[in-house]
Amino acid sequence: GSGTGTVTGNVTMQRYLQTGFGYKYFSSPFQAATVSEFGDDMNLGAAFTTFYRYDETRSSSGWVNYKTGTNILVPMYGYAVNFGAIHGPNTVDITGRVNNGSLSLTLYNNNRPFTKGFNLVGNPYPSPIDWEAASGWTKNNIDNALYFFKSSNSDQFSGTNSTYINGVSSDGDADRIIPSMQAFFIHVSDGSYPVSATLGMDNNVRITDKTHDFIKGDARDEKSLIRISAAFSDSEEDQDHFVLYSDEKAGNDFDSRIEALKLFNTDLKVPNLFSLTADGRQLSIDAVCPGEDSDFTVPLGLKTNRAGAVTFSAEDIDGSFRGRRVFLLDKVTGIEKELKNHEEYNIALDQGEYLNRFFLNVYASSTVIPDSDAVQREEFNVYCSKGIIVADFLTEYTGQGFLVITNTLGSGMLSFKIPQAGHYEFPHNLKTGIYLVTWQAGSKQVTRKLLIRD
């Protein structure tokens with residue numbers, strides 16, 4: 001798209017999916033391709049609708065049946081496509097005349113109760129695009145956040161949302177680079193309704209320097225941040241994430257340039273974790289500008305669609321926040337739990353929305369926190385980071401100790417000698433999953449859960 005040559009005639013483009021299970025958000029890189037292009041990859045004639053467009057103006061759900069084969073795949077619009085219940089890989093192909101040059105859409109925020117100003121759009125080019133390209137974008141009345149959908153691994157009709165804004169990813173996967181044929185949600189800014197917005201782009205936003213997995217980028221945050229997860233204890237791999245990060249432009253109210261609203265998950269087995277701003281917004285990524293020696297508190301919200309035990313964990317504490325003390329406060333139980341990487345707080349909750357119960361307390365390193373029954377201290381911590389199992393033993397003891405790692409069925413996987421208290425790091429080749437880690441020294445025995453992720 002950067003030279004004087006042109007591509008004429010039909011081109012066929014393929015998109016490889018690591019798993020074809022459930023819904024994927026697609027866009028077309030072609031000028032006037034039709035829904036029928038998906039007919040060789042799925043059953044468009046199925047009784048249950050499997051192909052949707054999204055209409056922000058609707059008062060009910062924004063999803064609209066769009067499976068008629070002659071319907072045009074409009075450039076820059078996104079579509080939800082369900083390939084069925086088969087977990088194996090799938091390669092999807094579309095044929096047409098490639099898009100090139102300037103394209104734009106007019107979008108709206110009508111403040112409807114379900115759509116809430118979110119619009120499903122997509123990459124219209126046969127190449128990846130950069131959401132933060134130095135030139136080429138028109139974003140009038142558009143919030144700066146990207147929202148990517150990940151289908152559930154057990155329910156083909158639901159999934160979770162991950163967010164990216166200003167160099168920060170809610171789950172560590174979402175990225176500024178939008179793959180070809182990838183659709184995503186954006187939010188038209190709130191204002192005097194209905195709000196009209198323009199999203200436009202040209203060839204300057206396109207990149208050709210690397211390939212990208214569908215729905216997943218290669219983000220690794222460089223910023224000072226705290227990433228917290230929440231999951232039901234009987235399904236701990238199905239997590240939702242909230243990120244608090246440091247930015248000098250941050251204020252008390254929502255700032256759409258550097259903060260991201262919460263787009264709630266549709267997977268009922270995954271809770272929804274977010275922060276609450278002074279002006280009543282619910283955020284998946286929240287920016288703060290704390291003083292170097294100041295303490296501060298961030299109100300958290302939690303919404304669950306079923307009853308069960310919920311586990312809160314600190315996935316990452318990075319940058320300047322490593323020198324601070326981070327606690328989760330449960331005002332109902334009175335417990336203030338210090339969070340380190342992969343530390344946990346477990347609490348049984350009924351189905352519902354919790355807006356005034358949980359708080360994230362961040363203390364300056366010099367702050368002295370008095371001991372009390374409400375503040376729990378841990379003797380042994382363990383987590384996994386970049387392929388290494390990290391264990392800290394905080395209590396002195398006599399005699400040699402052992403660290404044993406088993407799977408959830410009790411089968412032994414790894415064991416290590418622990419001669420004394422201190423910090424230890426162990427390489428491993430364990431697959432993604434939940435493991436039990438037991439430290440035994442003399443009469444002392446402590447067991448922790450360990451989450452391994454690729």
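Threonine 160 has its place in strand β12 (residues 159-165); strands (E, at least two residues) and helices (H or I, at least four) are DSSP runs numbered from the N terminus. The model is predicted, so local features need pLDDT of at least 70 and side-chain atom pairs count only at pLDDT 80 or more, while totals for chains, interfaces and linings use all residues. Residues are numbered from 1 along each chain as its sequence is written, and side-chain values use heavy atoms, with hydrogens and water left out.

**Threonine 160**

- Threonine 160 counts as buried because its relative accessibility is 17%; buried means under 20% relative accessible area, exposed over 50% and partly exposed in between, with a 1.4 Å probe and protein chains only.
- Residues up to four places away in sequence aside, threonine 160 touches Phe148, Phe149, Lys150, Asn265, Asp267 and Val270, where contact means heavy atoms within 4.5 Å.

**Lysine 139**

- Strand β10 (residues 137-140) holds lysine 139, which counts as partly exposed because its relative accessibility is 26%.
- Not counting residues up to four places away in sequence, lysine 139 touches Trp131, Asn144, Thr198 and Leu199.
- A polar atom of the lysine 139 side chain lies 2.8 Å from the backbone oxygen of tryptophan 131. A polar contact is a pair of N or O atoms within 3.5 Å; within protein, one must be able to donate a hydrogen and the other to accept it, and residues adjacent in sequence count only if both atoms are side-chain atoms.
- Lysine 139 and valine 188 are 49 residues apart along the chain, and their C-alpha atoms are separated by 9.5 Å.

**Leucine 103**

- Leucine 103 belongs to strand β7 and is partly exposed, because its relative accessible area is 21%.
- Its contacts, leaving aside neighbours within four places in sequence, are Met76, Pro124, Tyr125, Leu199, Gly200 and Met201.
- From leucine 103 to asparagine 203 the distance is 9.3 Å, C-alpha to C-alpha, with the two residues 100 apart in sequence.

**Backbone features**

- Methionine 76 is in the loop between β4 (63-65) and β5 (79-82). Phi of methionine 76 is near 80°, a positive value in a residue other than glycine.
- With a relative accessible area of 1%, methionine 76 is buried.
- Lysine 116, in the loop between β7 (103-109) and β8 (118-122), is not a glycine but has a positive phi of about 55°.
- The relative accessibility of lysine 116 is 48%, so lysine 116 counts as partly exposed.
- Tyrosine 193 and proline 194 are joined by a cis peptide bond, with omega about -5°.
- Proline 194 has its place in the loop between β15 and β16 (195-201).

**Nonpolar cores**

- The largest nonpolar core has 28 residues, and Ile226, Leu244, Leu302, Phe312, Phe358, Leu360 and Val362 touch the most other members. A nonpolar core is a set of buried Ala, Val, Leu, Ile, Met, Phe, Trp, Tyr and Cys residues joined through side-chain atoms within 4.5 Å.
- Two or more residues of this core come from each of β17, β18 (240-246), β22 (296-304), β23, β24 (325-330), β26 (344-349) and β27 (352-363).
- Another core, of 26 residues, lies apart from it and includes Tyr54, Ala260, Leu263 and Ile285.
- Phenylalanine 358 touches Pro299, Leu300, Leu302, Phe312, Leu328, Leu329, Asp330, Tyr345, Ile347 and Leu349, not counting residues up to four places away in sequence.

**Cavities and pockets**

- On a 1 Å grid over the protein atoms alone, a cavity is a set of points where a 1.4 Å probe fits but cannot get out; a pocket is an open set with protein on both sides within 12 Å along at least five of seven lines, and lining residues have an atom within 4 Å of a point.
- There are three cavities of 30 Å³ or more.
- The largest cavity holds about 120 Å³ of space, a volume being the space filled by probe spheres set on the points, which are joined across faces, edges and corners.
- Its lining has 13 residues, with Glu236, Gln239, Ser313, Glu344 and Leu451 nearest the centre.
- At least two lining residues of the largest cavity come from each of β17 (225-232), β23 (308-317) and β35 (444-452).
- The second largest pocket has about 1,100 Å³ of space.
- The second largest pocket is lined by 38 residues, and Tyr54, Phe114, Leu263, Phe264 and Thr266 lie nearest its centre.
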